[in-house]
Amino acid sequence: MLLERLSEKVFAFDLAQCPDEAVRTAREAVLDTAGVTLAGAATDSARMTARALAGAIAPGPALVFGTRQTADPLNAALLNGVASHALDLDDCSNTMGGHPSVPVLPALWACAEAQGAGGEQMLAAYVVGVEVETKLGRAVNFHHYDIGWHPTATLGTFGAAAACARLLGLDAPRIAMALATAASMASGIKANFGTPIKPFHVGQTARNGLLAALLAREGMGGSAAALEHPQGFFAVYDGVANVAPERILDEWMAPCDLVDPGIGVKRHPCCASTHPAVDALLALREAHGLTPDTVAAVRSFTHPRRFRHTNRPDPRSGLEGKFSVQYALARALRHGVVSIEHFSDAAVQDPETRAIMAHIRSEADPQAVMETDEHFYADVEVVLTSGRVLRQHIDRPLGRDRAHPLPPGALEAKFLDCAGGALGREGAEWLMAELLRIDAAADVRHLTRGILARTRTPSEDAKDKEPA
C-alpha cells in the first residue's frame, strides 16, 4: 500500500542526511511563518475564531501567538493556523500549488510545546512534513487545484499529520494510520477565497493534522489503502486518470522540495497570484516615474489558473482586496508599495484608490498553455496620458523561487515589521536571532516563555503610539 511505503520514508528520514540548503530554508521558513502569525493574530479572522472557540479552549502549554495566553495544543494549532494565513503573507510552494509552512508549523509548534521537543527535532519534522505535502502535490496537481480544491488545506493536512507523527516518535505503521486519518480530514474549497474561511482552512488543517497524529499514537487510524482505494483520496478528490501516484515515492527527496524548487517568500500581503503583475507595474513605475496622473490605463495579462480568483474589479472588503489584482495594482501605482494597512475594509473603499482601479483591467492570457508549470508570469501594459505605451513581462515575482530571490535583508525586514507590533522592536530582534538558530534550542518551550514575556498588550501598544 502506498501509505505504508510513504510512512516508511517518513520514519526513516534523517535530518543529518538532508542538504544544508534544506535546513537553512527550514530555519528561514520558521522565521517567516512566526512573523506572519504574530501579525495575523491581530486580524478580525483570528479574533473571530478565538471568540467562537472561547468556551472550548482548555488550559495548556501551547502558545497562542500574539496574546499572553497558552492553551491546549489542538486549539492553539487551530488559532495559530488561522493567524498564520490571515494576511496571506505566508510562503508558497510551486509544486504544492499552495502554502507549505502554515499547515505544518502551527500544528508542529503546539505539538513540540506539549512534548518538550528540541528545535532540531522540530526542524526535522517540518522538513519531512513539507516533503509529504509537496510530493502529494506532484501527484495530483494541477488538476487538483484547477477543479477547486485548496491544496494548502487538502494536501497540508497530510503534511501536518506526517510532521506531528514524526515529532511524536511514532513508528511507520502508526504514521500510516495518521496519514490515512488525514485523508478523511482533508478539506477546503477555493470558492471561499476572499473570505475569512480561507485562513480558517489553515487553522482546521493544522488542528486536524495534529489530531490525526494523536489518534494514531493511541492506535486509532484509517485504511492503509486510503489513497489508492477505488473510493479513496485520489479517486474522490481528482479522479484516478488525473493522478500520477508514482511520483510520490519516485521523487521522494529527489530532489528535496525545500531545495528544488524551494519555497517562495512573499513580499506583498496579498494573494501570490497577483504578485507578478504587481512586480511588473512596480518595475515600470520605478523606471519611468509613473504616477496616477500620468497613467491613462493599465492592463494585466495572467495565466487563466491565476486569473480566475484574482479578477475582482470591485472588491468590497479587505479580504476581497487581497484577491483583486486590480486593487493591488492600484495601490502599487499610487504608493510604490503594497502594504498590510492597504487591506483593511476601509482602505479598500478609499475613493482615490477606487478611482485608479476604474482604469485597470485584468485579462486571462489568451496564449496560455494549461498543461504547464510555468503559470506564475504576468504581462502588464501601461498607456500613458501622452499616448505612449509601456510593457513589462515578469516570468516569476521576486521571492517565488531560488532563481528569483528576495533582495538581501528583505526577509529579516519583513519579520521585524510583522513581529514588531506584537513584541516591539527589541522583542522582535530577540526572537529573530533565536529562530535563525532554532536547531540549537534544547526545548522550544524556552521560546514560548520568551515570546510570552515580550508580548505587548493592546494598551501597551496604544501607549507607545501616543504622540510625545
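1. Let me start with a pair of rings. This is a predicted model, and in it both Phe-158 and Phe-233 are buried. Their ring centres are 5.1 Å apart and the planes meet at 80°, so this is an edge-to-face pair. Phe-158 belongs to helix H8 and Phe-233 to helix H11, so the pair ties together parts of the chain that lie 75 residues apart in sequence.

2. Trp-149, Phe-158, Phe-233, Phe-234 and Tyr-237 are linked into a cluster by ring pairs. The count of aromatic pairs for the model comes to seven.

3. Another of the aromatic pairs is made by Phe-193 and Phe-323; this one is tilted, with 5.5 Å from centre to centre and 40° between the planes. Here the partners sit in loops: Phe-193 between H9 and helix H10 (197-217), Phe-323 between helix H15 (318-322) and helix H16 (325-335), so that distant parts of the chain, 130 residues apart, are linked.

4. Which residues of helix H1 (residues 2-12) are buried? They are Leu-2, Leu-3, Leu-6, Ser-7 and Val-10. Viewed down the axis of H1, these buried residues fall within an arc of 125°, so they line one face of the helix. Arg-5 and Ala-12, on the other side of H1, are exposed.

5. What does the buried side of H1 pack against? The partners of its buried residues are helix H6 (119-140), helix H8 (151-167), helix H9 (172-185), helix H11 (233-237) and helix H12 (246-250).

6. The elements that give two or more residues to the lining are helix H2 (20-40) and helix H19 (410-435). H2 gives the most, with five residues. By residue class, the lining of the second largest pocket holds eight nonpolar, four polar and six charged residues.

7. Which residues touch Ala-272, if its neighbours within four places in sequence are left aside? The contacts are with Cys-92, Lys-266 and Arg-400. The C-alpha atom of Ala-272 is also 11 Å from that of Gly-97, although the two residues are 175 apart along the chain.

8. Please check two peptide bonds by eye. A cis bond joins Asn-141 to Phe-142, with omega at about 5°; Phe-142 lies in the loop between H6 and helix H7 (143-146). There is also a cis peptide bond between Asp-260 and Pro-261, where omega is about 10°. Pro-261 is in the loop between H12 and H13.

9. Finally, a couple of backbone angles. Asp-88 is not a glycine, yet it has a positive phi of about 55°. It is found in the loop between helix H4 (73-86) and helix H5 (101-115), and its 3% relative accessibility puts it among the buried residues. Met-253, likewise not a glycine, has a positive phi of about 55°. Met-253 is placed in the loop between H12 and H13. Is Met-253 buried, exposed or in between, and what is its relative accessible area? The value is 25%, so Met-253 is partly exposed.

Terms used: Residues numbered from 1 in each chain as written. Predicted model: local features only at pLDDT ≥ 70, side-chain atom pairs only at ≥ 80, totals over all residues. Heavy atoms only, no water. Helix = DSSP H or I, 4+ residues; strand = E, 2+ residues; numbered from the N terminus. Nonpolar A, V, L, I, M, F, W, Y, C, P; charged D, E, K, R; others polar. Buried < 20%, exposed > 50% of the residue type's maximum accessible area, 1.4 Å probe, protein only. Arc of directions from axis to C-beta. Contact = heavy atoms within 4.5 Å. Phe/Tyr/Trp six-rings, centres within 6.5 Å; stacked < 30°, edge-to-face > 60°.
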